[in-house]
Every structure is written in structure tokens, then in C-alpha cells.
Amino acid sequence: SNSKNAKGEIFDDKLKDSYLQVTLSNLQFSESGKYFCEAHAKRSERGVERLNKMLTISVLSPTFEDLVKVMEKVLRKSDEDNISIHENKQTLKYIQEDSDTKEKNIKSIEEDLNTKQQNIISLKEDFNAFQQTMNTFREKLEVISANVSQIERERTEDKKIASCREVKTPEERVVVTLASGLKVMCDTKTDGGGWIIFQRRTYGIVDFYRSWQEYRDGFGDINIGEFYLGNENIYNLTSSAKYDLR
């Protein structure tokens, strides 16, 4: 009684089979019986042609064997699902164990990192303490060096020396009084030391445009390094012993 849509092909050529396809799904056992099939074929040259066909449809009820087969199929499917579930559980277990292992490794790395950070902090503290010790030692060394220089300077001043070659001091230049009473500046570093500086002009604070008499007697301040020793003094030095000029 219910109409269904049909699809298919109808041919006039006897070499080809014509067919109509009707699909009925989810039929119940009570729906068994004869069905009248009516179709309309549309032909371009003859219009619409009506086709009638009586169909017999039988819906068989399942037998016990069919039910057994279905149950076996369901059981097989259930077993397969159980195996799959077991495998998935095992996989999850392995994943969990691997995750636990990695978590332990991460904790171990974090602990090791914290230990190294503490070591770095301790090393920084030790380094700062060492720097403070070195600064204190450097200050004491500077004081000792200054005291030694002062002692050497005083010893040199107290000792009657004839030449700058007798002067031993860590300073590069030092002012001494020779045995003759002449105060000179000694260069203790250049070419082994022992040189008398007879002229030095560093800052330009002493005027060197002087008279002949001033150049004869000498002028300037030997203590600040702006001076000329004087021609007369240079003559007295060079005439008493052999000197090198540089």
C-alpha cells in the first residue's frame, strides 16, 4: 500500500536486460505478502508508459541456528573487544610506568639543578670573600711598598753618594743629594738606571726663557720636575769623572 521510489533502466533492445530496483529495508515478519508494483516509464517519443508487476515478498523469522550464529558472532566480537580492552589497558599501564619513570627523572634533574645552584651560590660567596681578602692584602702591600720606598729614600738621603749609580730604589725617579752637596734627580730605570737628569720640563709651569746667568747657575724646582741643573753644575760633574750623555 505504501509507495516507494524505484530506479533502474528499461530498454527496447532485446540484447539488453531492463530492470527496476526497489529497496525495502527493516521489514518485519508481519510484512510478508504480495505487493503490487506499479511503475511509470517516461519515453520521449511515446510519452509515459505504465508498467505493472506483482511481487511476492517473504520475511522469514530467524531459526535457532540463526540465533546461535548471531550469538557466536556477538561473543566473538565481545572477545575481540575484551582483548582490545586488555591490550589498551596494558598500553596505558606501560605509558603510566614510563610517565612515572620520566617524572622521577625530572625530579632527579631538578634536585641536581638545585644542588648545582646552591654550589654556584656558595662559590660566589667564596669568591666575594676571596676578593675582599685580596683587596685587604693589596692595601697592606701598597702600605708596605710605600714604607719601603720611604725607607729607601731616607737611606739614600742620609748616605753620602757620589753618583746616581749608587741609588737603589723601586721608584723611577728620585731626588738625592750627592756627596758634593749638589741636589740632583736620578733616573733609576732607563737603560739600567744611574742617570743624572740635568734638564726636565713636564708641565710647562716654569719659564725656560731665562738669562745666561740663570742658565749658568740653574733654575726651576727639581722636586716638581721642572728645572735646569745649570751649566756650572754640569761642568763640575763632568770634569770630576767620566760620564755618558744620552
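This short talk walks through one protein model, from its overall layout to its cores, its disulfide and its salt bridges.

Before anything else, please keep in mind that this is a predicted model, in which local features need pLDDT of at least 70 and side-chain atom pairs count only at pLDDT 80 or more, while totals for chains, interfaces and linings use all residues. Residues are numbered from 1 along each chain as its sequence is written, and side-chain values use heavy atoms, with hydrogens and water left out.

Let me begin with the layout. The protein has 3 helices and 10 strands, where helices (H or I, at least four residues) and strands (E, at least two) are DSSP runs numbered from the N terminus. If you follow the sequence along, the elements come in the pattern β-β-β-β-α-β-β-β-β-α-β-β-α. Of the 246 residues in the protein, 17% are buried; here buried means under 20% relative accessible area, exposed means over 50%, and partly exposed is in between, with a 1.4 Å probe and protein chains only. The accessible surface comes to about 20200 Å², and 52% of that belongs to carbon and sulfur atoms; such areas come from the Shrake-Rupley method with a 1.4 Å probe, and for residues only the protein chains shown count as cover.

Now to the interior. In soluble globular proteins, nonpolar side chains tend to be buried together. A nonpolar core, as I use the term, is a set of buried Ala, Val, Leu, Ile, Met, Phe, Trp, Tyr and Cys residues joined through side-chain atoms within 4.5 Å. The largest one in this model has 12 residues, among them Ile 161, Val 174, Leu 178, Val 184, Ile 196 and Leu 237. The elements that give two or more residues to this core are β5 and β6 (183-187). A second, separate core of 5 residues includes Met 185, Ile 197, Ile 222 and Phe 227.

Leaving aside its neighbours within four places in sequence, Leu 178 is in contact (heavy atoms within 4.5 Å) with Ile 161, Ala 162, Ser 163, Val 184, Ile 196 and Leu 237.

The link is left-handed, with -70° about the S-S bond. Because Cys 164 lies in the loop between α1 and β5 while Cys 186 lies in strand β6, the pair ties together parts that are 22 residues apart in sequence. Both cysteines are buried.

That loop between α1 (64-158) and β5 (173-177) also holds Glu 166, which is partly exposed at a relative accessible area of 38%. Although Glu 166 and Thr 188 are 22 residues apart in sequence, their C-alpha atoms are 9.7 Å apart in space. A further loop, between β6 and β7 (195-197), holds Asp 191, whose phi is near 50°, a positive value in a residue other than glycine. At 60% relative accessibility, Asp 191 counts as exposed.

Let us turn to charge. Side chains of opposite charge can pair when their charged atoms come close. A salt bridge is a side-chain nitrogen of Lys or Arg within 4 Å of a carboxyl oxygen of Asp or Glu, and a search of the whole structure finds 6 of them. In one, Lys 102 meets Asp 98 at 3.3 Å, N to O, and because these two residues are 4 residues apart in helix α1, they are separated by about one helical turn. Lys 116 and Asp 112 form another, with their closest N and O atoms 3.4 Å apart, and they too lie in helix α1, 4 residues apart, about one turn of the helix. A further bridge joins Arg 210 and Glu 214 at 3.1 Å; Arg 210 is partly exposed at 29%, and Glu 214 is partly exposed at 31%.

Leu 141 has its place in helix α1, and at 46% relative accessibility it counts as partly exposed.

Key: A disulfide is a pair of cysteine sulfur atoms within 2.5 Å.
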